[in-house]
Amino acid sequence: MTRGAFEGVKVVEYATMVSGPYCGKLLADMGADVVKVEEPPDGDPARRRGPFPGDEPHPERSGLFLYLNTSKRGITLDPEQPSGREALQRLVKWADVLIDNHPLERLESLGFGWETLRQETPRLIYTSITPYGRTGPRAGRKGTDLTAYHGGALGSLLPPRSTDISRPPVKAGGYPTGYHAGLTAGLATASALLARRATGRGQLIDLSEQESIVALVRGFVGAVIYHRLTWSRVPDRPPSLGRMQCSDGYVVSYLVEDHHWRGLVELMGNPEWAAGEEWNSFPYRVGNLFKIGYKIDAWALQQKAEEFHHQGAAKGFAIGTAYNAEQVLNYRQYASRGFFVDVDHPEAGKYRYPGWPYQMSASPPRVGCPAPLLGQHSGEVFRDVLGYTADEYRRLGESGALGEGVAS
Amino acid sequence: MTARQTDRLPLDGVRVVDMTWVWAGPYLGSLLGMLGAEVIKVESRSRPDFFRRFVVWPLADAEPEELGPNEGMMFNTVNLSKLGVALNLVRPEGIDLIKRLVAVSDVVIENMRAGILKRMGLDYEALRAVNPRIILLSSSARGGAGPEAHYAGYASVHHAVGGGTYITGHPDGPPGYAIGDVDLMNATAGAFAVVAALYHRKETGEGQFIDFSQCEGVTALIGEVLLDYQMTGRIPGRKGNSDDFMAPHNLYPCWGVDRWLAIAVETDEEFAALARVMEKPELADDPRFATAAARKRNEADLDAIISEWTRLRDRDLMACQLGEAGVAAAPSRDARDLMRDPHLRARGVFVELDHPETGPRDFVGLPWRMSGCQPALKRPPLLGEHNDYVFGELLGLDEAEIARLKESGIIE
């Protein structure tokens, strides 16, 4: 019987949408006891985002919420109510980690500022995720997935090889900022847990969503500093082929080494226009690929994407089909690695969720339970975790702090 | 936040043997180094990390086509906070030195093609024989087992296969592949797995093997997209900058060439604030835009009205005005803009580090702040720079032995 790496770690997740909840999921899927706090009456807005089965909105069937909240327990709590605030305080005292992605002033106004937390719960790790961080001239400003992605300069590279600059850059599909900020927060929190084993002390992690994006463009910052070179989405740089359109879809390839290039030339049947010895040099290709790029594109357009993908891989160069969701779900390599996890949720039903990119031999991650129903674990958390008596819990319910109509 | 340089870092006392190269693996090692681990990058002179000399594209300034091994920007930016050794990795004595290093280390990371580590006699079983508590992370394009385990890959290809490319781009345009950022994202996920394994080891004494798939790293970050297909039967496509619920939620053209402002409005209050900054407060009462649902329905009209306002105005000024008014807005920046951003400067995002061959340069450090400690930020290592420390002090080889190994070309 294996155990999760973070078994025994207690986490309170007071967070919504993507960044904080993904951080919580990373820990929960590794065995941490994560209690997700949602505010009544509606809970996490991710419950309203969908996708929904059959396009019918239902707060217990939102795909975004279901994926991001596996392996957690869920309670409802209104921290604006005195009894709710007291309950949150008891929860924070119980916890090793508090994950929060509310606006900067939110916890402060509830009486949970970092200074208070630090004094009252010196072992607490407080993972604070905000759009711009807790300090600096833009601290406290609003931000979203879109603004952090573009403000952090990652959008300026998309879509690649745009020829029409009257159309704007785009962000990557989905919630790229939220996920990456959550991932970064997961690493920061895990590190702080490791540090705490040695020091006995908690810490504040001040994570800016925008900076988590800036960290991903460090190479492009380097290009500016080293070479006065600013990358962008326009095709002013020679293609190392990048995206190619095929008869039935697209492939993406990246050719760097000379043998990669020769592999492609062989696959194209050694055309005369690519035969010269000079092409076997990376600097030469960089300077001249533009001249024959259209011929390669014309050849690619005659190929089927999947055939090109696998034949190219057999030749030893990096190439892949731009898979859509259906293709990803049916991808043979994922099936053979058991990447997907079937999760059966009592309200939403059974779906196939992505697993984890890390297979761990001694502490494999797993989905401990499906995402919680709204308030599903309020009773057990208050009674068993926080030690509320039946009477105290009933009074808490009657106070309205758990939401309308919620009482033991 | 008060911080003392001398305070304990999360990974103090952890030693990492870093046999990665290119981009994703090296940044993973660099993250561990910034968190306090002693990371030893192992290279060989016959086949050093090829980004050491890599010139990205034709450059603005005349520069040599090949750089010296310590000058490459692509290497230096993702190899902060490490030591560097150079070894002959073909000869048995070189492999033997790696094993001795592994014996006194906690973590090994590598991203060579599937099967190469085994051929070198350094697979998990072999490493465990010299250090039963070792944690090995092997990172590959598609994972260490399965029909495509041997496929080569770079970031853009992982993005395509993992499903990210298909959903990125304008709705009527081709799919948009991401590039190096995918590597760095996967490095972050890999570092998380390593730290989790270190935590597990503290609890149980067990080491372990971590098999990391870069393509899966992409897919794990689009879970709801895969659920979308299963729940609705539709294949999710490209949506540009739009959001299913929010409007405005787009990039708007500003004064200048290719300058854009991102604006995202969620609530009616935010929309009223936007309307006030635009000096068109009446928009907030216009039935076409009075609720989120109405704004989304009339998004094209709304985008046209906002574009008309932004078109002849300065991007950065509008971002400021909107930010102060409580609206989420940001310029679409490029890397050059980032360098000048006073907010990022104030938060210490850029750190200047001196380097004996390139001179001082700014680098992007660790993407978060911790109370009580500062990340360990050190310039990237020169090729073979720390041979004497690692083989002498760490492994305890005497001077004569080191001289002999250098002489015979084992230590390079």
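Which helix of chain A does A:Glu115 lie in? Helix α5, residues 114-120.

1. Ground rules. This is a predicted model, where local features need pLDDT of at least 70, side-chain atom pairs count only at pLDDT 80 or more, and totals for chains, interfaces and linings use all residues. Residues are numbered from 1 along each chain as its sequence is written, while chains are lettered from A and ligands numbered from 1 in the order in which they are written. Helices (H or I, at least four residues) and strands (E, at least two) are DSSP runs, numbered from the N terminus.

2. Back to A:Glu115. This residue is exposed, with 10 other C-beta atoms within 10 Å. On the scale used here, a residue is buried if 20 or more other C-beta atoms lie within 10 Å of its own, exposed if 12 or fewer, and partly exposed in between, with C-beta atoms placed from the backbone. From A:Glu115 to A:Val37 you count 78 residues in sequence and 22 Å in space, C-alpha to C-alpha.

3. The strand that holds A:Val37. Strand β2 of chain A (residues 33-38) is mostly covered, since six of its six residues are buried. A:Asp33, A:Val35 and A:Val37 point one way, and A:Val34, A:Lys36 and A:Glu38 the other. Strand β1 of chain A (residues 10-14) pairs with β2(A) in the parallel sense over four bridges; two strands pair if DSSP finds at least two bridges between them. Have a look at A:Val12, which stands opposite A:Val35.

4. Most residues other than glycine have a negative phi, and most peptide bonds are trans. A:Met17 has a positive phi, near 60°, and sits in the loop between β1 and α1 (19-28) of chain A. With 20 C-beta neighbours inside 10 Å, A:Met17 counts as buried. Two cis peptide bonds are worth a look as well: one joins A:Pro40 and A:Pro41, with omega about 5°, and another joins A:Gly50 and A:Pro51, with omega about 0°. A:Pro41 lies in the loop between β2 and α2 (63-68) of chain A, and A:Pro51 is found in the loop between β2 and α2 of chain A too.

5. Where the chains meet. The contact takes 129 residues from chain A and 128 residues from chain B; residues are in contact if their C-beta atoms, placed from the backbone, lie within 7 Å. On the chain A side, helix α7 (residues 176-199) gives the most, with 16 residues.

6. Seven strands form an open sheet in the order β12(A)-β6(B)-β5(B)-β4(B)-β1(B)-β2(B)-β3(B), with mixed pairing. β12 of chain A and β3 (83-86) of chain B stand at the edges, each with a single partner strand, so one side of each is left without a neighbour in the sheet.

7. A second sheet, in chain B. This open sheet has three strands in the order β7-β8-β9, with antiparallel pairing. β7 (249-253) and β9 (328-331) of chain B stand at the edges, each with a single partner strand, so one side of each is left without a neighbour in the sheet. Strand β8 (residues 260-264) of chain B joins β9(B) through four bridges, and B:Leu261 has B:Pro331 as its partner. In the loop between β7 and β8 of chain B you find B:Asp258, a non-glycine with a positive phi of about 55°. B:Asp258 is partly exposed, with 17 other C-beta atoms within 10 Å.

8. A one-faced helix. In helix α13 of chain B (residues 315-325), B:Arg315, B:Met318, B:Ala319, B:Leu322 and B:Gly323 are buried. Seen down the axis, these residues fall within an arc of 130°, so they line one face of the helix; the arc is that of the directions from the helix axis to the C-beta atoms. Their cover includes β8, α10 (268-277), α12 and β9 of chain B. After α13(B) comes B:Gly326, with a positive phi near 90°.

Methods:
Contact = placed C-beta atoms within 7 Å.
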